[in-house]
Structures are given as structure tokens and as C-alpha cells.
Amino acid sequence: MILCVRFQVPPGDAGAGGGCEAALPGLLAMLGGLTPVVQALPPDGALVDVRGAERYFGWNAAQLASVIRVRALAHRGVDCTIGAGPNPMLARMAARGARPGATLVLPPDDVPRFLRDKPVAALDGVGPATARTLCSYGLDSIGRVAAAPLATHQRIVGARAGRELHERALGIDRTPVVPNAAARSLGAERSFPRDEVDRDQQRRALLSLAEELGVRLRGTEQVCRSLTLTVRYADRSTTTRGRALREPTAHSPALIASAYAIHESLGLQRARVRSLSLRAEGLAPARQASRQLTFDPVDERARRIEAVADRARARFGPAAIMPGALARPAPGAGSGGPLADAA
């Protein structure tokens, strides 16, 4: 069996680091105590192949899931929702269908019943456009897709995609759990103590997010090609918008400027914002990235200061140096410790 574990980590606040993805490495290490076959699913989850652990410990998937939940609560203070299935796709679908803080185990014999009445968009790899196309042919549920001939799928979505669609509708997923798989994105989140309508406080949170992503990218010697901003409102609805960067980078000022530009493009007018999350996507090794040469001494000086600040953070902690706007406590917030201005 494969487990899909979704950790319920409280998001970081608007002025400090934290949240799901910052806690994920420690949680992955905890999972590694049961099995070495653990694949991260940023920002808050992991796929765990427990077939070897079942034989080694003599426990079934439900018992191993209980052990994971107890260890996560005891050692990390984090609850989790777990789905168990015969393959990664079914484990993810079971996790989405489980109640928060509970485990849903999907035995192989229950797969057809579990999938039959679900909408076709619930299948991995079926996006909104493909779902609309399939629904226009009357294939609006997974059960109907599974009952249709393979040739029908291939005529509608193409040969390769049709075969994958047919197999997934039958509950077949051939993708393995890849331990230590390289992350393709990196994210951070800030929630506000109350619904925030102040544009300046939203920009302050964006500054914190972009600065954190820049530090983490440089710490892992990576660059990103685009940023995606997700705004969650008081009514739990969300808006997501992305933007490609001019060149792959981990330079904080470039990330901050792009984050501000995305935020401005949303045109929020007194919107009650509950949280903001920023994701760096299209990650690549920094050594493979090229940078446009410039004769601007201000840019070169900023990059040198950034390198010095990173060394200070590595030695004294992430809060040792930060932008002055974050060093000043937000209105209504308590005073923080001594912080230097990196600008």
C-alpha cells in the first residue's frame, strides 16, 4: 500500500517565517524512521511506500498510518490526514476524501466502487479543459470513462493521453514513489490575525514571503523561473495568478518586485484578505542559470550585501537580518527583538 500524508501545519503569521513548507523537512525525516521510500509533496504532504514496512514491522497500512499520526502529534505537534491506496493516485484521492485528522484506507477490492461516481475532474492529469471536453461527450464521471472503449478516449484526447486516461479511470497508476525527488517548486504562506484590508500590510506580508523564498532558494543553490501568488479571502475563496520572471533568479529584490507586480495586477479594492501564499516555480540549479550582465553598481552592491546577509543568517538564524519594513512591528503587534536592516 501507498500512503499519502497531508500535514495540518498552522500557516506562519504575516511577519515571521513558518508555515507548512518550513516544517516539511522535519516531518519527512520523521517518516523516514518507518521507511526510506518517502517522496515530498510540497508544501504540506508526502507519499510513503509502506510495502516494505508492512513486512518488516508486521503491521498493515492502517496501523502504520496510526503510528505516523501519533508520532507527528507527539514529536512535532502536528496532526495529519492520511489516505492509503494500492498506488500513488489512489492514495492521493483517498487523502482528499478523508475527514481532517482521519485515515481513509482504500482496499483494492473497493477501488471500482470508490471511483465510479466521482467526477472525471477528480482524476490526476485531467484539467478543467480536458474535463469540459469529456463532459461534452457525456463522460462526466470516472465510472463512465472506465466503461468507454480505449479507442474512444484516444479519439477525444489523443493516443497517449487517452491510454493514460483509460488506465487511471480503471484505478491503474504506474508512477512509482520516488524518494528524495527534487522539488519543482518552493512555497511560503502568511496568514493575518484578522481579515486584512490594508494594502500596506498585504505588501508587508509579500515582502516577507519573497525575502524568505529568496533566502531558501540561495541556500539550496537554486533559481526559479516564475512566481505564483494565491490570495485567500474571508469567504474562503481564492485568487491565483502567476508571472514569469525576466530571467531565472534567486535575487530577493527581483522576487519582491515581481510579487508586488502580481499583487497590483489583482486590483484588490478593500478585499478582506485572510492569507497570502507565494510559490517559486520552475526551479533549476543556480549553476545552470545565466544572468544578464549589468554595469549598474547599485545592483552589484545589492548582490554583495545579499551574500553577506545570507552568511549572517546561516550563522545566527533567519531573523538575524531582514528588511527594515519587517523589523518594525506591524500596528497592533508586540515589539520584536533587535533586527538589522539588510537594505
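Reader: Does R190 count as buried or exposed?
Author: In this predicted model, R190 belongs to strand β7, which spans residues 185-196. A residue is called buried when its relative accessible area is under 20%. The relative accessibility of R190 is 1%, so this residue counts as buried.

Reader: With which side chains does the side chain of R190 make polar contacts?
Author: A polar contact requires a pair of N or O atoms within 3.5 Å. Another pair, at 3.0 Å, links the side chain of R190 with the side chain of S208.

Reader: How many residues of helix α4 are buried?
Author: Helix α4 covers residues 88-97 and is mostly covered. Its buried residues are P88, M89, L90, A91, R92, M93, A94 and A95. Of the 10 residues in α4, the number buried is 8.

Reader: Which residue caps the N-terminal end of α4?
Author: The cap involves a side-chain oxygen placed 3.2 Å from the backbone nitrogen of M89. M89 is itself among the buried residues of α4. The residue that supplies the oxygen and caps this end is N87.

Reader: Which residues does Y260 touch, not counting residues up to four places away in sequence?
Author: Y260 is part of helix α11, residues 252-266. Its C-alpha atom is separated by 9.7 Å from that of Q202, although Y260 and Q202 are 58 residues apart along the chain. Contact means heavy atoms within 4.5 Å. With residues up to four places away left out, Y260 touches R203, L206 and L207.

Methods. Residues numbered from 1 in each chain as written. Predicted model: local features only at pLDDT ≥ 70, side-chain atom pairs only at ≥ 80, totals over all residues. Heavy atoms only, no water. Helix = DSSP H or I, 4+ residues; strand = E, 2+ residues; numbered from the N terminus. Buried < 20%, exposed > 50% of the residue type's maximum accessible area, 1.4 Å probe, protein only. Polar contact = N/O pair within 3.5 Å; in protein donor to acceptor, adjacent residues only side chain to side chain.
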